[in-house]
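Visitor: Could you walk me through this fold?
Guide: Gladly, and here it is.

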Amino acid sequence: MTEFVTPPPAEPGDRVAVVAPSSGAAADVPDVLDLAVERLRDLGVEPVVYPTARQSDGYLRDHPEARAADVHAAVRDPDISAVFATIGGDDQVRVLDRVDPAVLREHPTRFFGMSDNANLATLLWTAGVVSYYGGQLLNQVATPGRFHEYSREYLERALFEETVGDLRPAEEWTDDVVSWYRDDYAEVRPEYEDDTGWRWHGDRAVDGRVWGGCLAILRWQLLVDRYLPDPERLDGQVLAIETAEDMPAARRVRWTLRGMGERGLLERFDAVLVGRPQTRNREEDPGREARSEYRENQREAILAELERYNPDATVVFDLDFGHTNPTVPLPIGGRVSIDPDAETIRFE
């Protein structure tokens, strides 16, 4: 079995790579990318913008090999301490057959990205390299108005420390959508809501490695079936899931988990960590009551399938990772201890 390695932390003054292994949305909003780069500088690192980060979406779709080449170049550069994805998308799975897992393993480098970048996180997990589900530039670093203190704190831990340590709920959260194209984007404060804390189900303390990411990407990975780990490597581990801005209906969440259950995967995990779902997007805002109902329906769907396939699993809902803000860059492949009695989640 492949032993896991956590890439070494960065140090103040180090160079970090900015790449686009998924879509080319950053090319459409260069001011937002520049804001993200400036905020990375404020953290004390020096961003190096690689060619794909400023390429158009059309170019990147036509040239998956260019996206893979930037990933290889970044991790092979001994002066690069971390790699940041600009944004997600919907076709990174086409890049994976051009990425050499042996290169990722030989040059372990902290990778930050989420949503479609869960494809690369899955490949890194299979190669035994810890990555970070979060810290994505356009939607989690270059947030409107300000870089939230909670996001900044946990990104600094994930970037500069050996571990992100203890998690705690954020005091507020938002899925309010502010257009990247607004002239006052950097000054607009989105609408935040009070965080009511995590929701716990089950009483078994768990210690295991995190596997997972965006549920839609996990579904695609199950369909492709080329980059998944051997099933026995998931025994006793911790599943992390969250849903994207397309806001899948509860039944679709249920169907994906049911497929994992029938495949004999869902039963292997000792715990499940669930990120707070996004409940509105650029096209749709159903209102506060409907948004609350959406979250509750998703929780019920997840619990129903776990009751069917894995009733002893410990489940924690409404964690601060995924498509809402602020966020923790969740270590995928990192070892986590979950204690329902103390209601604590701690990365070793």
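Predicted model: local features only at pLDDT ≥ 70, side-chain atom pairs only at ≥ 80, totals over all residues.

Visitor: Which residues of H10 are buried?
Guide: Taking buried as under 20% relative accessible area and exposed as over 50% (1.4 Å probe, protein chains only), the buried residues of H10 are Arg-291, Tyr-294, Arg-295, Gln-298, Arg-299, Ala-301, Ile-302, Glu-305, Leu-306 and Tyr-309. They cover an arc of only 155° around the axis, taken from the directions from the helix axis to the C-beta atoms, which puts them on the same side of H10.

Visitor: And what does the face turned away carry?
Guide: That face of H10 carries the exposed residues Glu-289, Glu-307 and Arg-308.

Visitor: Switching to the sheet, what is the strand order?
Guide: Six strands form an open, mixed sheet ordered S2-S1-S3-S4-S5-S13, where two strands pair if DSSP finds at least two bridges between them; helices (H or I, at least four residues) and strands (E, at least two) are DSSP runs, numbered from the N terminus. Strands S2 (46-49) and S13 (330-332) stand at the edges with a single partner strand each, so one side of each is left without a neighbour in the sheet.

Visitor: How many bridges join S3 to S4?
Guide: Three bridges join S3 (residues 80-85) to S4 (residues 110-113), and these strands run parallel; Ala-82 stands opposite Arg-110 in S4.

Conventions: Residues numbered from 1 in each chain as written. Heavy atoms only, no water.
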